[in-house]
Amino acid sequence: MTTILITGVSRGIGRAMALEALSRGHKVIGTARSDDDFGDLKDRDGFTPLVLDVTSRDALAKAAGALSQPVDILINNAGIKGPSGSPLSVDDMDGFMQTLQVNALGPLMVTQAFLPALKKSGAGKVLIVSSQMGDLNADTGNIAYRTSKTAVNKIGRALATELRDDGIAVANLHPGWVRTDMGGSSADITPEESAKGIIDLAEGLTIDKTGRFWNWDGSERESW
Ligand SMILES: NC(=O)c1ccc[n+]([C@@H]2O[C@H](COP(=O)([O-])OP(=O)(O)OC[C@H]3O[C@@H](n4cnc5c(N)ncnc54)[C@H](OP(=O)(O)O)[C@@H]3O)[C@@H](O)[C@H]2O)c1
């Protein structure tokens, strides 16, 4: 049985991925920032709640240290939109730094913390829910969010290089424009559609595909 650790299952794509993975018979370890935020996921067979903030190294070390089982797939999903503004208009620099902390350093610290559990799997996989907005060729608005996703793309590519010899495959991905608190009600697809595609990607990821960037529907992105 596959164990999938997903960050940010309180709502949005993370919650939909947890439900999709459970429906396929996988075990899910899901993280939220408060014990009250797991909702009915807590009542589901195969679900293990983990309370942590992805920016807290102490919380990550404690959670990872308490975990005895292997993690087969880690999905770094938790993220924030951050302050709006282009490079010349953004003025909330604390918000900018927080965006980098959550969206870029968060996935790095989570992967570092749970690496021993991924190695125990024998064929661990790491997925990073990034965004097409991190593409270096894309627009200039929402520069905090874009920069955080560009940074996490580099982190994902570098992790792929470093983890290849351990047989751990790494993928960056764009989940689509999704109807969540972050994506808004006009977005293209539902969290459930995105989640199905991402869990398909996770199941199909192999070491020969490591270090690449995928769309939620399984197509590969050349530019990112
Ligand atoms: N929706 C889209 O159209 C879209 C497009 C491209 C990429 N993405 C990416 O997809 C991922 C999920 O987005 P979403 O649309 O599902 O967003 P969402 O509905 O706003 O949910 C974000 C999730 O991240 C968690 N989170 C935020 N900060 C955290 C922290 N410091 N530590 C732990 N968890 C934290 C939230 O927990 P709380 O409930 O505690 O805040 C929540 O569970 C994000 O990485 C986002 O950048 C989304």
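1. Throughout this note, a residue is called buried when its relative accessible area is under 20%, exposed when that area is over 50%, and partly exposed in between, with a 1.4 Å probe and protein chains only. By this scale D181 is exposed, since its relative accessible area is 63%.

2. The model is a predicted one, in which local features need pLDDT of at least 70 and side-chain atom pairs count only at pLDDT 80 or more, while totals for chains, interfaces and linings use all residues. Residues are numbered from 1 along each chain as its sequence is written, and side-chain values use heavy atoms, with hydrogens and water left out.

3. Salt bridges come next, each being a side-chain nitrogen of Lys or Arg within 4 Å of a carboxyl oxygen of Asp or Glu. The structure holds 9 of these salt bridges. One of them is formed by the side chains of R11 and D181, at 2.9 Å from N to O. R11 lies in the loop between β1 (3-6) and α1 (12-23), and D181 in the loop between β6 (169-174) and α5, so this pair ties together parts that are 170 residues apart in sequence. Helices and strands here are DSSP runs numbered from the N terminus, a helix being H or I over at least four residues and a strand being E over at least two.

4. A further salt bridge joins E20 and K196, whose closest N and O atoms are 3.8 Å apart. Because E20 lies in helix α1 and K196 in helix α5, the pair ties together parts that are 176 residues apart in sequence. E20 is buried, with a relative accessible area of 12%, whereas K196 is partly exposed at 43%.

5. The side chains of R24 and E203 also meet in a salt bridge, with 2.9 Å from N to O. This pair links distant parts of the chain, R24 being in the loop between α1 and β2 (27-32) and E203 in helix α5, 179 residues apart. R24 is partly exposed at 27% relative accessibility, and E203 is likewise partly exposed, at 35%. Through salt bridges that share partners, E20, R24, K196, D200 and E203 are joined into one network.

6. The nonpolar interior can be described by cores, a nonpolar core being a set of buried Ala, Val, Leu, Ile, Met, Phe, Trp, Tyr and Cys residues joined through side-chain atoms within 4.5 Å. The largest such core has 30 residues, of which I6, V9, M17, V28, F47, I75 and L127 touch the most other members. At least two residues of this core come from each of β1, α1, β2, β4 (73-76), β5 (125-129), β6 and α5, and the largest share, 6 residues, is supplied by α1. A second, separate core of 28 residues includes A104, L118, V152 and V170.

7. For I75, contact (heavy atoms within 4.5 Å) is made with I4, L5, I6, T7, M17, L127, V129 and I199, once neighbours within four places in sequence are left aside.

8. N172 lies in strand β6 and is buried, with a relative accessible area of 1%. A polar atom of the N172 side chain lies 3.4 Å from the backbone oxygen of V152, and a polar contact of 3.2 Å joins the side chains of N172 and N153. A polar contact is a pair of N or O atoms within 3.5 Å; within protein, one must be able to donate a hydrogen and the other to accept it, and residues adjacent in sequence count only if both atoms are side-chain atoms. Not counting residues up to four places away in sequence, N172 touches residues that include I128, S130, G156, R157 and W224.

9. Helix α3 (residues 93-121) has 29 residues and reaches 40 Å from its first C-alpha to its last, close to the 42 Å expected at 1.5 Å a residue, where the expected span is 1.5 Å times one less than the number of residues. G122, with a positive phi near 90°, follows α3.

10. Most residues other than glycine have a negative phi. N142 sits in the loop between β5 and α4 (143-163).
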